[in-house]
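Please keep the display at hand while reading.

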Amino acid sequence: MHKKRVLFLAIMAVLSGHALAAEESSVPPGSDGPALKGTAQAIPESDVYDLLTKSETTFSALYYGRDRQAQWDAPGKGNRHDIHVNALNLGLNFKSGYAWDHLGFDAAAHAAIRLTKGQGWSEVLYHDLNDTSDPDENGGGKDKSSAVLSQAALKFRQSADGQGFSARAGYTPISIGTLGTSGGLQSHAYRGLEGKYKLGDFEVGYGWADQFRNEWDTRFRDMTNQWHQNRAPYNDGRKVDYVHSIGFRYAPSNYFVDVGFGEGKDYRRNAQIAASYTWSLGADKLTATGYYFTGKYQTALSGIANPKNEWHASGSLSYATGGWTLMGGYGATHAPDSGELNFRLTPWGNSDNRNFIQTWGQDDDFVWDGMRVVKIGVSYDFAKLGMPGLTMGASANYASNVKNQYDSARPNLGDTHFNEVDLSVAYSVQSGPLKGASIGVYPAQLRTHGFTGDKSNRNDVKVIASYSKTF
């Protein structure tokens, strides 16, 4: 019976093909494509086939290795927050051309592969909260290999030069106002939409989403008022119906101003402004950058009866001369409800646009309540010595006035301080078949000096190597 059905379907397909060929107009000589149905006019190749002929597919391979050792003052925490990971991320990112010069689609897939036995929540591999089989994980789940379809979105543009209106909708990154989709080895993404209108150097945009996928998850999930987003075995989170943000950006050649306002429905509202200006001093450059963020929880879903206004402000000056870049920065934070300031519109794990922080470190963002932080840094580009692609850097953070979290055993603890040192050496291949391949080594050391919050002393080394090829 099954064979007869297959044979019947095959015959019907052949007959249908003959019928369509008889009904449709023939293809005009020398045309770009098949005829439009019922006419003698061909579909111009530049109209619809640009979806494929002007598409591009990027293959990427990225190795991530990290050895982070957490050292706790409090007894009983053992190796909590230790990270040992060797991971390989393989990605395919397809970007179509635009049919009729306006409409297209993008899709991306990634495989995150655990190369060796690891430990801790690396935030670059799928983390299975249900798997408590490894005693070294302290019951906190386990990193595993996974593969995901990470993006799938329709896109529209009004003009090929980027001016006018553009939009994306589907499973997509969003980068507008206070919403962002930074990630580790691959981009986080939302189920939502974004629309932007660009006029010269000015741009206004809006983004909205009701689901989110972290890099360490394999599916898009509703956002909730709990850090776990109701990932099993947890289910006590109340849904945050949506997050949205509006943003404005003005960016001529030597400066920019970026303003954003965002809301996580009934959970949190925030706003931020960032600005930067670069002065040319002959062959040298001086750049000043400032950032201010403010946020406030909403009682309905946060559960905070009398939420306070929270804020962070930081600024920096950097001076580039020869191959050297010298940098100095200062930051301050007030976050009585968050403890460590929450830049997001949900509790944890979904992305934000915090990239403007001027005083962050590799092991900490330096945005704890009461913190006052000074940052200095230096880097050198060896292209000036005939070795293009090689760079080295060092920076140091010192933070005072950090408010200890309440400790019933030690209720009268005063403020404490943090300090961190970050180093880096990186090389990017400049020519040949491996052009664009890069490798970097990033050691760091953080000391929190008896801080009673959830941040330990840390010794950390990251190694990141990457290669991509676009076809």
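**Strand pairing, core, charges and surface**

Within strand S22, Thr470 is the bridge partner of Thr58. The model is a predicted one.

Q: How many bridges join strand S1 to strand S22?
A: Strand S1 covers residues 56-71 and strand S22 covers residues 457-470, and the two run antiparallel. Thr58 has Thr470 in S22 as its bridge partner. The number of bridges that join S1 to S22 is 14.

Q: Which residue in S22 stands opposite Ser438?
A: Strand S21, made of residues 438-447, runs antiparallel to S22, and 9 bridges join the two. The residue of S22 that stands opposite Ser438 is Ser466.

Q: How many strands are in the chain?
A: The chain has 471 residues, of which buried residues make up 40%. Among contacts between residues at least 6 apart in sequence, 57% join residues at least 24 apart. Besides 4 helices, the number of strands in the chain is 22.

Q: How many residues does the largest nonpolar core have?
A: In soluble globular proteins, nonpolar side chains tend to be buried together. In this chain the largest nonpolar core includes Ile174, Leu179, Phe212, Met223, Val240, Tyr267 and Leu345. Apart from that core lies another of 10 residues, among them Ala274, Tyr291, Phe293 and Ile357. The largest nonpolar core has 12 residues.

Q: Is Tyr267 buried or exposed?
A: Tyr267 is found in the loop between S13 and strand S14 (268-281), and its contacts beyond four places in sequence include Asn225, Val240, Tyr297, Leu301 and Pro347. Its relative accessibility is 6%, and the cut-off for a buried residue is under 20%. Tyr267 therefore counts as buried.

Q: What distance separates the C-alpha atoms of Tyr267 and Tyr242?
A: Tyr267 and Tyr242 are 25 residues apart along the chain. The separation of their C-alpha atoms is 9.9 Å.

Q: Why does Gln119 count as buried?
A: Gln119 is found in the loop between strand S3 (103-114) and strand S4 (126-128). Leaving aside neighbours within four places in sequence, Gln119 is in contact with Asn79, Asp82, Ile83, His84, Asp136 and Glu137. Since buried means under 20% relative accessible area, Gln119 counts as buried because its relative accessibility is 12%.

Q: Which parts does the salt bridge of Arg231 and Asp217 tie together?
A: The closest N and O atoms of Arg231 and Asp217 are 3.9 Å apart. Arg231 counts as buried at 5% relative accessibility, and Asp217 is buried as well, with a relative accessible area of 2%. Although the two parts are 14 residues apart in sequence, the pair ties together the loop between strand S10 (221-224) and strand S11 (239-240), where Arg231 lies, and the loop that holds Asp217, between S9 and S10.

Q: Which residue forms a salt bridge with Lys265?
A: Lys265 is partly exposed, with a relative accessible area of 25%. Its salt-bridge partner counts as partly exposed at 32% relative accessibility, and the closest N and O atoms of the pair are 3.4 Å apart. The residue that forms the salt bridge with Lys265 is Asp266.

Q: How many salt bridges does a search of the whole structure find?
A: One of the pairs is Lys54 with Asp50, at 3.8 Å from N to O; Lys54 counts as exposed at 59% relative accessibility, whereas Asp50 counts as buried at 7%. Salt bridges also link Lys95, Asp106, Lys155 and Arg168 in a network. The search of the whole structure finds a total of 22.

Q: Which strand gives the most residues to the nonpolar patch?
A: The surface patch includes Leu193, Phe202, Tyr206, Ile246, Phe248 and Tyr250, and its residues have about 810 Å² of accessible area together. The elements that give two or more residues to the patch are strand S9 (202-213), strand S12 (243-250) and strand S13 (255-264). With 3 residues, the strand that gives the most is S12.

Conventions: Residues are numbered from 1 along each chain as its sequence is written. This is a predicted model: local features need pLDDT of at least 70, side-chain atom pairs count only at pLDDT 80 or more; totals for chains, interfaces and linings use all residues. Side-chain values use heavy atoms; hydrogens and water are left out. Patches are made of residues with over 30% relative accessible area and no salt bridge: like charges are joined within 9 Å, nonpolar side chains (Val, Leu, Ile, Met, Phe, Trp, Tyr) within 5 Å. Accessible areas come from the Shrake-Rupley method with a 1.4 Å probe; for residues, only the protein chains shown count as cover. A salt bridge is a side-chain nitrogen of Lys or Arg within 4 Å of a carboxyl oxygen of Asp or Glu. Buried means under 20% relative accessible area, exposed over 50%, partly exposed in between (1.4 Å probe, protein chains only). Contact means heavy atoms within 4.5 Å. A nonpolar core is a set of buried Ala, Val, Leu, Ile, Met, Phe, Trp, Tyr and Cys residues joined through side-chain atoms within 4.5 Å. Two strands pair if DSSP finds at least two bridges between them.
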